[in-house]
Each structure stands twice: as C-alpha cells, then as structure tokens.
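My notes are below, in the order in which I looked things up.

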Amino acid sequence: MAKTMTFAVMHFSIAFSVAYLITGSLLVGGLVAIVEPAINTVAFYFHELVWNKLQQADVAAELSQTIQSAGENYALRSM
C-alpha cells in the first residue's frame, strides 16, 4: 500500500508540475492534477476489460489447438 501511495503522490506532483509549468496557473495545475488521474483510472478499468477478453480469447484458441493436436495424434496412433 505504501508503494501505491507514493506512486500516487508522484503522479499528482508530476501532473501538477507539468500543467503549472506550461500554463503558469496554480488553478489549472491543480485541476489537471485531479482530473487527469481520475480519467486514467476510468480508462484503466476499460483497458483491463479489453485485456482480459483478449487473454481469454488467447487461452481458448490455445486450448482448441491443443485439443485438435491431441485428436490428430490419437488418430495417427490408431492407424
């Protein structure tokens, strides 16, 4: 948990610093430091959904290929 918290502080600090350096505005820097991580959190959720579906598809394809290979090997041994 400590690692997560220190990463969050670093992330907020970088977002604030970059926005402040570009705009010179404390308000804009603060808003970016709050809004950007919130948007990233939502984006990460959807990224995980897609990632998990892709992994499931890979596992299903690999399983199908394994079953097909096993069937072919059995058929060849039966000859």
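This is a predicted model: local features need pLDDT of at least 70, side-chain atom pairs count only at pLDDT 80 or more; totals for chains, interfaces and linings use all residues.

Entry 1: I then checked what comes after H1: glycine 24 follows, and its phi is positive, near 75 degrees.

**Entry 2: annotation.** I looked for a UniProt feature and found "transmembrane region", from an unreviewed entry, placed at residues 12-35. I computed the make-up of that stretch: residues 12-35 are 92% helix and 0% strand. The end C-alpha atoms of the stretch are 10 Å apart.

**Entry 3: largest pocket.** How much space lies in the largest pocket? I get about 160 Å³. Its lining consists of Phe7, Ala8, His11, Phe12, Pro37, Asn40, Thr41 and Phe44. I asked which helices supply these residues; H1 and helix H2 (26-78) each give at least two. By class, I count five nonpolar and three polar residues in the lining, and no charged ones.

**Entry 4: aromatic pairs.** How many aromatic pairs are there? The count comes to two. One is phenylalanine 16 with tyrosine 20, a stacked pair with 5.9 Å centre to centre and 5 degrees between the planes. Both residues lie in helix H1, four residues apart, about one turn of the helix. An α-helix has 3.6 residues a turn, so residues three or four places apart point the same way.

I also looked up how accessible these two are. Phenylalanine 16 has 27% relative accessibility, so it counts as partly exposed. Tyrosine 20 has 34%, so tyrosine 20 counts as partly exposed too.

Tyrosine 45 and phenylalanine 46 also form an aromatic pair, and this one is edge-to-face, with 5.2 Å centre to centre and 80 degrees between the planes. Phenylalanine 46 is partly exposed because its relative accessible area is 48%, and exposed would need over 50%.

**Entry 5: glycine 30.** I looked up where glycine 30 sits and found it in helix H2. Is glycine 30 buried or partly exposed? At 22% relative accessibility, glycine 30 counts as partly exposed; the cut-off for buried is under 20%.

Tyrosine 20 is 10 residues away in sequence and 8.1 Å away in space. Phenylalanine 16, in helix H1, is 14 residues from glycine 30 in sequence and 5.8 Å from it in space.

How values were computed. Residues are numbered from 1 along each chain as its sequence is written. Side-chain values use heavy atoms; hydrogens and water are left out. UniProt positions are given in the numbering used here, feature names are shortened, and annotations may be inferred rather than shown by experiment. On a 1 Å grid over the protein atoms alone, a cavity is a set of points where a 1.4 Å probe fits but cannot get out, and a pocket is an open set with protein on both sides within 12 Å along at least five of seven lines; lining residues have an atom within 4 Å of a point. Grid points are joined across faces, edges and corners, and a volume is the space filled by probe spheres set on the points. Ala, Val, Leu, Ile, Met, Phe, Trp, Tyr, Cys and Pro count as nonpolar, Asp, Glu, Lys and Arg as charged, and the others, Gly among them, as polar. Rings of Phe, Tyr and Trp (its six-membered ring) pair if their centres lie within 6.5 Å; planes under 30 degrees apart count as stacked, over 60 as edge-to-face and the rest as tilted. Buried means under 20% relative accessible area, exposed over 50%, partly exposed in between (1.4 Å probe, protein chains only).
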